[in-house]
Amino acid sequence: MTDHVQSRPNREWLRSAGIYLAMGLLLVYILLPILWIFILSVKSPSDIVAVPPKLLFRPTIKNYSELFGYGASLVGGSDFLAYFKNSLIVSGGAVLFSLIIGIFAAYALARFNFKGKENIAFTFLSFRFVPELTIILPLYVIYQKLGLYNTYFGLILVYQLVTLPLLVWLLRSYFEELPINIEHAARTDGYPWFSVFWKITLPLAKPGLAATVILSFILAWNNFIFGLILGSKSTQPVTVGILSFISSQEVQWGQMAAGTVVAILPEIILAFMIQRYLIRGLTFGAVK
Amino acid sequence: MQRRLVSLVAATVLVSLIVVAGTGLTSEAFKWDKYAGQTITVMLTQTPLSDGLRPLLSEFTKKTGIKVNYLVLAEAQYWNKLQIDLSSGAGEYDVFMSGPSFQWQWSLAGWIEPLDSYLSDKTKTSPDFDLADFYPAFLDANRWNGKSGGGLGEGKLWGMPVNTETTLLSYRKDVLAKYGLKPPSNWYEWAECARAVKEKSNGEYYGVVQRGAKDITSIQAGFISSLFTYGGKDFEKDLEPAMNSPKAKEFTRIWIDTIKAAGPPDWPSTMWYDEAQKFASGKYAMVVDGDNFVAMYEDPAKSKVAGKLGYAPIPKGPDGAIRSNIWTWGFAMNAKSRHKDAAWMFIQWASSKDTMARVTTAGSWPTRRSVWESDKLKALANWDNGNFYKVITSNYEKYAAWRPTPMTELPAVWDRWIMALHEIYFGQKSVDKALDDAAHDINQILIKAGLKK
């Protein structure tokens, strides 16, 4: 009997230790590539090629200073900052554009009943069905004809294929999870529907909104093919630009790693900033 | 008799005077700024050549009044994007970097403009351009008559080559000397030397490193140059697959056996850049590959083998000949370009003596004799007490030419070919069976593509 009582906290302790161990392993598994890239980014070229890989080495910031164009080994200098700016403009613009259209679409799909409602919702989703590569050639021709090629607006427009479906569908489910009675109460108090939406529903959906915005921003930021084919030098995003460290003679792993570290920073920072919302947002539907 | 001689001399002098005066006149008369005010868009891929050209673009604009927009991409993405622009007919990029095998497909599709009419037009090409200054092998590689299975060096010129790669043997002088070995001069010695290095060093060094990843670039350069040097071929004249000829089988056996015995354990995933990096890491004794990597090997900041390397021609085959393959990077013109004359101005400027001399850097070797033979290049390529320069010069003069048979299906063919090499390496098939199967499949590929019946 006493045995049984004593062993209980023990088992409990073991269980949580096991969970932490598993979580730790998972963390290592997830973070190792990022850690490895970071290590590469502070290695000198001869340390990078060393076999077996050196764990003790003299760190250098040369890769970073070359990345930003100081003493770059690329004769023409590095365009990394320009690519980074392009990514910010295009991804930010795309999410903003999606948000403006998508909030209303999502709200309408969540709250109103109208003819062809599910068809419209499905059409949004269908943007994601077709691999980008299969539509890129006609898009290229259309963009050339309309003068959208190599413009920020053109890229923001085509990024809607990436960001809009996700945003609409996620927001729709968040709106649906909100108790409709609150809105009814507000209507009863005499608010028109837009005020209800603006003053009641939207603030309540904030965590969901934040989670959605982050996720679509990450999707947009990671996009490669649209920037490659429909953009050119002045609009090229960082995902495409970073590959310029692969030359016909050698791959500049150090600078490429440094570029990668800088390129994932916005995503990491954003994720940390609204982590609170993200977790609440993701579990939002489960808690009523 | 004497009088006749005098008048002959006089006539000769007079004629040469006129010629000199004439060229002097047209030289002054050639207007670089004829197309001032136009804007061209150029697509470049990340190479030392594009690095060298970018800072000079403002000079081009100053000289010609033509504005240049440009885009630089890594090679894989570069071909994808270019293919889309060409196939869509949009004509966004007036000029782009290109190489022989890509031009075959593009010229048949009518996507690129032949350059001959521009070259022969005195109002469009500066008289000091001097086409004869190019090594013939590099021009021939860019000339094709459109008939799959041959016709290289005939027909129209589809690209103007600016830099080039040829193949040679690079080896570790210190490692070979340590174990009392001589650099190999033929393939049997190569195979023995590779094994000896690995055995005598107790595995501290591998004998060889070569490309081996399942990618068509693994056929290019080292493998194809070596196969041809041994006396093998990719195809016979009538597009009959020859990768399973007795000579090709013999060579493939030596190649794969040696790599298995003394090559990198991860050969099947070794891309060209892995190969270069492995060699630079100092664990390998020999590599047969392009001369464009040598500058990196010899750079102490990037390599552990700088100053320790010796250079020799590709090891010889039974017939004693050397047949290096080449690659050239040059410029081609979009057939849908809306500024063709301005585009030609750019191409002739980029491949002119002056520009080529300035964009040439260690590892990005020129296609013009005058540049290669300049003092700058002799100093730049002086590694191994001038042996490197000697080996490459002999490549340019005698050994190097475009080797693979011209045809549009080259990527598919090479894809299947590297698969066969993997089957042999992994012991899934014998050399005979793997190469016979590959030849059969490759034949089907050509039939399906309509290249033969």
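User: Where in chain B is the place of B:Asp130?

Analyst: A word first: this is a predicted model, in which local features need pLDDT of at least 70 and side-chain atom pairs count only at pLDDT 80 or more, while totals for chains, interfaces and linings use all residues. Residues are numbered from 1 along each chain as its sequence is written, chains are lettered from A and ligands numbered from 1 in the order in which they are written, and side-chain values use heavy atoms, with hydrogens and water left out. Helices and strands are DSSP runs (helices H or I, at least four residues; strands E, at least two), numbered from the N terminus. On that basis, B:Asp130 is found in the loop between α6 (116-120) and α7 (136-141) of chain B.

User: What value is the phi of B:Asp130 near?

Analyst: Most residues other than glycine have a negative phi. B:Asp130 has a positive phi without being a glycine. Its phi is near 60°.

User: Is B:Asp384 buried or exposed?

Analyst: B:Asp384 sits in the loop between α17 (375-380) and α18 (387-399) of chain B, and its phi is also positive, near 50°. The classes go by relative accessible area: under 20% is buried, over 50% exposed, and in between partly exposed (1.4 Å probe, protein chains only). B:Asp130, at 32%, therefore counts as partly exposed. B:Asp384 has a relative accessible area of 11%, so the class is buried.

User: How much area do chain A and chain B bury between them?

Analyst: The size of an interface is often given as the accessible area lost when the parts come together. Here buried area is the accessible area (1.4 Å probe) lost by two parts on being put together, summed over both. For chain A and chain B, 59% of that area is on carbon and sulfur atoms, and the total is about 3,200 Å².

User: Which three residues supply more of the area that chain A buries against chain B than any other three?

Analyst: The contact (heavy atoms within 4.5 Å) takes 34 residues from chain A and 37 residues from chain B. Of the area that chain A buries against chain B, 22% comes from A:Val49, A:Ser248 and A:Gln249.

User: Which residue does A:Glu250 meet in a salt bridge?

Analyst: A salt bridge is a side-chain nitrogen of Lys or Arg within 4 Å of a carboxyl oxygen of Asp or Glu. The rule finds 2 of them across the interface of chain A and chain B. The side chain of A:Glu250 forms a salt bridge, at 3.0 Å from N to O, with B:Lys302.

User: Which element gives the largest share of the side of chain A that touches chain B?

Analyst: Between the two chains there are 12 residue pairs in polar contact, both residues at pLDDT 80 or more. On the side of chain A that touches chain B, the elements giving two or more residues are α2 (45-49), α6 (132-146) and α11 (225-230) of chain A. The largest share, 5 residues, is that of α6(A).

User: Which residue of chain B has a side chain in polar contact with that of A:Gln144?

Analyst: A:Gln144 belongs to helix α6 of chain A, and at 18% relative accessibility it counts as buried. Leaving aside residues up to four places away in sequence, A:Gln144 touches A:Tyr149, B:Asp85, B:Ala90 and B:Glu92. A polar contact is a pair of N or O atoms within 3.5 Å; within protein, one must be able to donate a hydrogen and the other to accept it, and residues adjacent in sequence count only if both atoms are side-chain atoms. The side chain of A:Gln144 has such a contact, at 3.3 Å, with that of B:Glu92.

User: Which residue of β3(B) is the bridge partner of B:Met43?

Analyst: In strand β1 (residues 39-45) of chain B, 6 of the 7 residues are buried, so this strand is largely enclosed by the rest of the structure. Two strands pair if DSSP finds at least two bridges between them; β1(B) runs parallel to β2 (residues 67-73), joined by 7 bridges, and parallel to β3 (residues 95-98), joined by 2 bridges. B:Met43 has B:Leu71 as its bridge partner in β2(B). In β3(B), its partner is B:Phe96.

User: Which residue of β11(B) is the bridge partner of B:Phe96?

Analyst: Strand β11 (residues 326-334) of chain B has 9 of its 9 residues buried, so it is largely enclosed by the rest of the structure. β3(B) pairs with β11(B) in the antiparallel sense over 4 bridges. Within β11(B), the partner of B:Phe96 is B:Ala332.
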